[in-house]
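Please read it alongside the sequence and the coordinates.

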Amino acid sequence: MASTLSVEHGGAPAGWLELSANLAPHGTPSAVRDAIARSTYSSYADLDPREAERHLARDAGVDPSWLMLTAGATEALRLVTDALLDARDVVLLAGPTYGEYARLAERRGARIDELRARPPRFELRASEIARCAAATRPRLVVVCDPNNPTGRLTGSAALRALARSLPQDAHLVVDESFLPFTEPCQRGVAGHPRAIAVRSLTKVLAIPGIRVGYVVATPALLERLRAVRDPWAVSAQACAAASVASWKVSAAALRDLARWRSATARILRAAGLAPVPSRAPFVLARAGPGARTLVRALARRHVAVRWCASFGLPEHIRVAVRPPDAQTRLAVALRAVRT
Ligand SMILES: Cc1ncc(COP(=O)(O)O)c(C=O)c1O
C-alpha cells in the first residue's frame, strides 16, 4: 500500500477512488488499446516514429517537419530546457503551476521568475505576462493552458499574441496537455513560429504507463531538441499508440465532462469547500488550514485527492473530474469526514 505521503503527492493504490491524477474520465479509446496490444518490439525498426509523427501532424493541422514524438510531455519539456537554456538565463513562469517547469529550468542553472495568479479566482491575463516579460527579459516564458492545478484557461488567441510580443531571443512554451478537454475547442499555439507547444498524450488517452506525447515547434528548433535527446527514447508501444491517436476529444465526451465537472464543484461546495472555476478535467478547491487533514481523512476512506502544498497552495486540494459513480463515492466520503 502507498504511504500517506505518496497519496498526498498524487497516485493511489489499486482499489482506491483515484482523484489525484487527471486522466480522461472516459478511459482509453479502444483503437489505442488495440494498437498497443498489437505493437511489435523485437527490432529497432519498431521504434521508428515517422509514421506516428505524420499521423499526429495531420491530426494537429501542422506540417510533419514541425512535430516530434516524445516520451510524454515530460521528455518534451526536458529537451526544451536542455536545448534552449543556459546558466543564468531567466525563465518566466505563469504560476502557481506544474512543478516540473521550475525543476527542469533549475537543473540548467536558470533563474526562475514566477508571476503568480491570486486566489480566489487565480486569473492571469496574457497581457500581464507580456508586461512582466518586457521587464525581466526571459529566455523562456512557460504557460500551462489550461493550468494545472488552477484549471484556469488563458486562451490560445491571447497566447499567440503574447508569443508575437516577446523579445526576439525569447520563446513561449505552452504546455497544452489539458487543452483538448476545454470547450469550446481551442486551437492551441501549434504552428506559431515563436511558440513551442508541448502536448501530453498521457492525459487525453489515459495511458500514463505508455509515456507518449509530442512537441510542435519550427523545424530549426526541433533540430536543437534532437541534438540533446537520447536515441530510441520513445518505446514501440508509444509509437503504436501515437499512430492511431487523436488529440481531440469528442463533443459527446466534452458535454459529459462539463456536466461531471459542475457536479464535482457542487459536491465540494456542499462539503464547505470553495471550488475555483475550471476549464480542465479537475477542480481546485480551497479547503482552508485543514486541507492536509482532509486529504488524510479521505485517504483513510481510500479516496485519493491531491493536496496542493507542492504548488505553494497548502490550503487547497485538487480533485479529478470522474463519472457519476465516482462522484457519489466522493460525496459519501466527504460527508463522513466533514461531520
Ligand atoms: C501540466 C502537465 N504537463 C505534463 C505532465 C506530464 O505528462 P506526461 O505524462 O505526458 O509526461 C503532467 C503530469 O501530471 C502535467 O500535469
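F178 is buried, because 24 other C-beta atoms lie within 10 Å, where buried means 20 or more other C-beta atoms within 10 Å of the residue's own, with C-beta atoms placed from the backbone. The model is predicted, so local features need pLDDT of at least 70 and side-chain atom pairs count only at pLDDT 80 or more, whereas totals for chains, interfaces and linings use all residues. Residues are numbered from 1 along each chain as its sequence is written.

**Setting of F178**
- F178 sits in the loop between β6 (171-175) and β7 (195-200), strands being DSSP runs of E with at least two residues, numbered from the N terminus.
- Beyond its neighbours within four places in sequence, F178 is in contact with P146, N148, K203, A280 and P281, a contact being two C-beta atoms, placed from the backbone, within 7 Å.

**Ligand surroundings**
- The residues around the ligand include N148, D175, S177 and S200, and a residue is near a molecule if its C-beta atom, placed from the backbone, lies within 6 Å of it.
- Helix α4 (residues 72-84) provides the largest share of this shell, 3 residues, helices being DSSP runs of H or I with at least four residues.

**Overall fold**
- The protein contains 12 helices and 13 strands, and 49% of its 339 residues count as buried.
- Of the contacts between residues at least 6 apart in sequence, 71% join residues at least 24 apart.

Key
Buried ≥ 20, exposed ≤ 12 C-beta atoms within 10 Å, placed from the backbone.
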